[in-house]
Amino acid sequence: MNEDNTILLQTQNLVIGYKDSLLTNLSLQLKAGELLCFMGPNGIGKSTLIRTLAGLQKPLAGDIEGINDSERSKQIALVLTDRINASNMTVKELVSYGRYPYLNWNIQLSENDNTIIQKALDQVRITYLSGKKIHELSDGQLQMVMIARALAQDTSIILLDEPTAHLDLNNRVEIMKLLRTLAHQLNKAVLISTHELDLALQMADVIWITGKEKNIITGIPEDLVLNGTFDDVFQFKGFDLKTGKIQHTIHQQKTIDLSGEGYEYLWTKNALQRNGFELTTQANLKISVSKEGMNTCWNVSAGKSLQSLEELLRYLKEI
């Protein structure tokens, strides 16, 4: 989490959009050492705000403070999801583009430039890909390369628009963890527009979430869950954000008193609720989850001991 509280960028009464406004009266801050996740429904203006902060699009009104237009490319690095056309370029060549704002007319990389490029590759842990062609990379690897290019740009702010879109779970988690680490260790402000609700809740220092009045509500993830902001904006259907669980319909006639601990207990609870059983301490049918060596056992009050959740569910539906 940010320790020095340095404000790197702030907006005053910012209005963004095209002919019509998408978001209005935005007074926001990007602080050093924080990972911020920007969330909201599709079409609400997330990409537009990212592009406006990066200087690719003019605001309709208001101000962006802390950024010098002539030095913007040395203050803000931008990672978009646009397709890379130079597919025959190597990874190291693409990362080196991050140094272009610092080069003079002869466009020659200095020893210092090469050191920064190598450091960026090391920080994102993709040095082993340096000689690979862009067209040889997976989507996850390419996203890592684009983050390395942003690091090579050596800016205090990094803006990313949907950096985990179309990636599998492992790559999504890896990239979000990497961005959090970079924000904290390098004292950068990292702003991500994302739909990854579960990851944002676990990793973001601050969340920006679009409200119903063309506004943006800000706060730490836990406060926005507890005060109902997420529920109000997303109108979850059958999902309880406070518990992080789908709300299953109880349709079994039996109620169960479940006891145990650890992840074995949590996954047993998940399996029972998913299959429509109500869990209550008032139930006569008791199930305890226990470990016997390396194995997990489910002991039913009727004297039955079962060796898997599948066996347990089958037994419960038969008795």
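## Close-ups of a predicted model

**View 1. Strand β9, buried along its length.** How many of the 5 residues of β9 (residues 206-210) are buried? The count is 5 of the 5, so the strand is largely enclosed by the rest of the structure. In a regular strand, side chains alternate between the two faces of the sheet. In β9, Val206, Trp208 and Thr210 point one way, while Ile207 and Ile209 point the other way, and all are buried.

View 2. Strand β4 (residues 34-39) runs parallel to β9, and 4 bridges join the two. Look for methionine 39 standing opposite isoleucine 209 of β9. With strand β10 (residues 216-219), β9 pairs in the antiparallel sense, over 4 bridges. Isoleucine 209 turns up here as well, opposite isoleucine 217 in β10. Another pair to pick out is tryptophan 208, whose bridge partner in β10 is threonine 218. The hairpin of β9 and β10 has 5 residues between the strands, and in it lysine 214 takes a positive phi near 60 degrees.

**View 3. Helix α4 crossing helix α5.** Two packed helices are described by the angle between their axes and the distance between the axes. For α4 (residues 111-123) and α5 (residues 139-152), that works out at an angle of about 140 degrees, with the axes 8 Å apart. That makes α4 oblique to α5, and α4 passes α5 in a right-handed crossing. Which residues meet? Ile116, Ala120 and Gln123 come from α4, and Ala148, Leu151 and Ala152 come from α5. By class, the contact has 5 nonpolar residues, 1 polar and no charged.

**View 4. A five-stranded sheet.** Another open sheet, this one of 5 strands, has the order β14-β13-β15-β16-β17, and again the pairing is mixed. Its edge strands are β14 (278-279) and β17 (305-306), and each pairs on one side only. Strands β15 (residues 285-292) and β16 (residues 295-300) run antiparallel, joined by 6 bridges. A handy pair to zoom in on is serine 288, which stands opposite asparagine 299 in β16.

**View 5. Helices α10 and α11 lying across the five-stranded sheet's strands.** Helix α10 (residues 262-274) lies across β13 (255-259), β14, β15 and β16, running at about 170 degrees to β13. Helix α11 (residues 309-318) lies across β13, β15, β16 and β17, and runs at about 15 degrees to β16.

**View 6. The contact between α10 and α11.** The axes of α10 and α11 come within 11 Å and cross at roughly 40 degrees. That makes α10 oblique to α11, and α10 passes α11 in a right-handed crossing. From α10, the contact residues are Trp267, Thr268, Ala271 and Leu272. From α11, they are Leu309, Leu312, Leu313 and Leu316. Sorted by class, that gives 7 nonpolar residues, 1 polar and no charged.

**View 7. Histidine 251 in a loop.** Where does histidine 251 sit? It lies in the loop between β12 (245-246) and β13. Leave aside its neighbours within four places in sequence, and histidine 251 is in contact with Asn275 and Gly276. The C-alpha atoms of histidine 251 and phenylalanine 277 are separated by 6.8 Å, although the two residues are 26 residues apart along the chain.

Notes. Residues numbered from 1 in each chain as written. Predicted model: local features only at pLDDT ≥ 70, side-chain atom pairs only at ≥ 80, totals over all residues. Heavy atoms only, no water. Axes fitted to C-alpha atoms, helices over the stretch in contact; angles between N-to-C directions. Parallel < 35°, antiparallel > 145°, perpendicular 65-115°, else oblique. Left-handed = near helix turned anticlockwise from the far one by under 90°. Contact = heavy atoms within 4.5 Å. Nonpolar A, V, L, I, M, F, W, Y, C, P; charged D, E, K, R; others polar. Pairing = 2+ DSSP bridges. Buried < 20%, exposed > 50% of the residue type's maximum accessible area, 1.4 Å probe, protein only.
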